[in-house]
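Open the model in your viewer and keep the selection tool ready. We will go stop by stop.

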Amino acid sequence: MSRYDGVDLQLNVPHSARMYDYFLGGFTNFAADREAAGHVLASASWVRDAARANRAFMRRSTRILARTGIEQFLDIGTGIPTSPNLHEVAQGVRPRARVVYVDNDPIVLTHAQALLASTPEGRTAYVEADVTDPDGLLAEPALRETIDFDRPVALSLNALLHFVPDAAGAYELVERLKSALAPGSALVMTHVTPDFAPEEVGRIVGVYEAAGTALQARTRAQVARFFAGWSLLDPGVVPLPHWRPDPDEPPVPAADAAGYAAVAVRS
Ligand SMILES: C[S@@+](CC[C@H](N)C(=O)[O-])C[C@H]1O[C@@H](n2cnc3c(N)ncnc32)[C@H](O)[C@@H]1O
């Protein structure tokens, strides 16, 4: 019996999670995903580097926040598991860390086992939910059982919000999620921008929209607006490879064009 039995994955339609998996060199992607991803790479070959730089940012930001003392992580738009996953990074610093993963794609759910291999002291959970329904997401029993909302939480929305246009309530949903988090919590984000390569990014938007996935690239000011009222950590909203680069990681300058990264904390 296949892990996909009984799950309607719509394999003839490209999907953002599987296209991203293809950019990262993963194996959880199918012909339609590879074809659409190929069109993206034909417009902008740096997208592959950008995907790797995005994962590297997740590792750096998670490590830094865990070192500051945060022990709870809520990662929405998790994607198909890719080693190391966020809980492995967080629990590498704080073995007691609790991590909840959320995605709305059934294929991520079918691979969630890889996301649940917690340390004995810590805890992980997977929730299938849609970020555009933040109240429903926040009410999920597995989330409430794992995360104590009276204590700080690092909320990561990496490479997610460009799939939520303004008209679908992107700013409102982020404010709703922020309002549920205690002082000391952090908001972590990466986001595609048209600021550096507008024509290439415009073509990429066209590929996703032709595949039925809305994609809204946002300017630096539009990305900064998601952090309103919270204090941005240095160096602010910057091209994602420039957010506290790790000297041990090879630089990926081609990824500069791709998007912004930032982390802010609630005081
Ligand atoms: C490009 S991947 C990013 C994966 C991971 N966060 C990272 O940065 O490496 C985007 C993920 O967001 C998920 N996603 C897209 N729209 C979503 C929504 N409305 N609610 C929850 N997840 C969503 C997709 O299924 C996909 O797994």
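**Before you start**

This is a predicted model: local features need pLDDT of at least 70, side-chain atom pairs count only at pLDDT 80 or more, and totals for chains, interfaces and linings use all residues. Residues are numbered from 1 along each chain as its sequence is written, and side-chain values use heavy atoms, with hydrogens and water left out.

**Stop 1: the ligand**

Select the ligand. Which residues are the closest to it? They are Tyr20, Asn54, Arg55, Gly77 and Asp103, out of 19 residues that surround the ligand. (A residue is near a molecule if one of its heavy atoms lies within 4 Å of it.)

Now look for polar contacts, meaning pairs of N or O atoms within 3.5 Å; within protein, one must be able to donate a hydrogen and the other to accept it, and residues adjacent in sequence count only if both atoms are side-chain atoms. Pick arginine 55: a polar side-chain atom lies 2.8 Å from an oxygen atom of the ligand. Valine 131 has a polar backbone atom 3.0 Å from a ligand nitrogen. At asparagine 158, a backbone N or O atom is 2.9 Å from a nitrogen atom of the ligand. The protein covers 94% of the 600 Å² of accessible area that the ligand has on its own (Shrake-Rupley method, 1.4 Å probe). Helix 1 gives the most to the shell around the ligand, with three residues.

Helices (H or I, at least four residues) and strands (E, at least two) are DSSP runs, numbered from the N terminus.

**Stop 2: helix 9**

Select residues 198-210, which form helix 9. The expected span is 1.5 Å times one less than the number of residues. For these 13 residues that gives 18 Å, and the end C-alpha atoms are 18 Å apart, which agrees.

Colour Val201, Ile204, Val205, Val207 and Tyr208: they are buried. (Buried means under 20% relative accessible area, exposed over 50%, partly exposed in between, with a 1.4 Å probe and protein chains only.) They sit on the same side of helix 9, because they cover an arc of only 160 degrees around the axis. That arc is taken from the directions from the helix axis to the C-beta atoms. On the face turned away, find the exposed residues Glu199 and Ala210. Helix 1, helix 2, helix 3 and strand 5 are among the cover over the buried residues.

Just past helix 9, glycine 212 has a positive phi of about 90 degrees.

**Stop 3: threonine 193**

Go to the loop between strand 5 and helix 9, where threonine 193 is found. Is it buried or exposed? Threonine 193 is buried, at 0% relative accessible area. Beyond its neighbours within four places in sequence, threonine 193 is in contact (heavy atoms within 4.5 Å) with residues including Val201, Arg218 and Tyr260. A polar atom of its side chain lies 2.8 Å from the backbone oxygen of arginine 218.

**Stop 4**

Most residues other than glycine have a negative phi, and most peptide bonds are trans. Select serine 83 and proline 84: a cis peptide bond joins them, with omega about -5 degrees. Another cis bond joins aspartate 234 and proline 235, with omega about 5 degrees.

Finish at alanine 159, in the loop between strand 4 and helix 8. Alanine 159 has a positive phi of about 50 degrees, although it is not a glycine.
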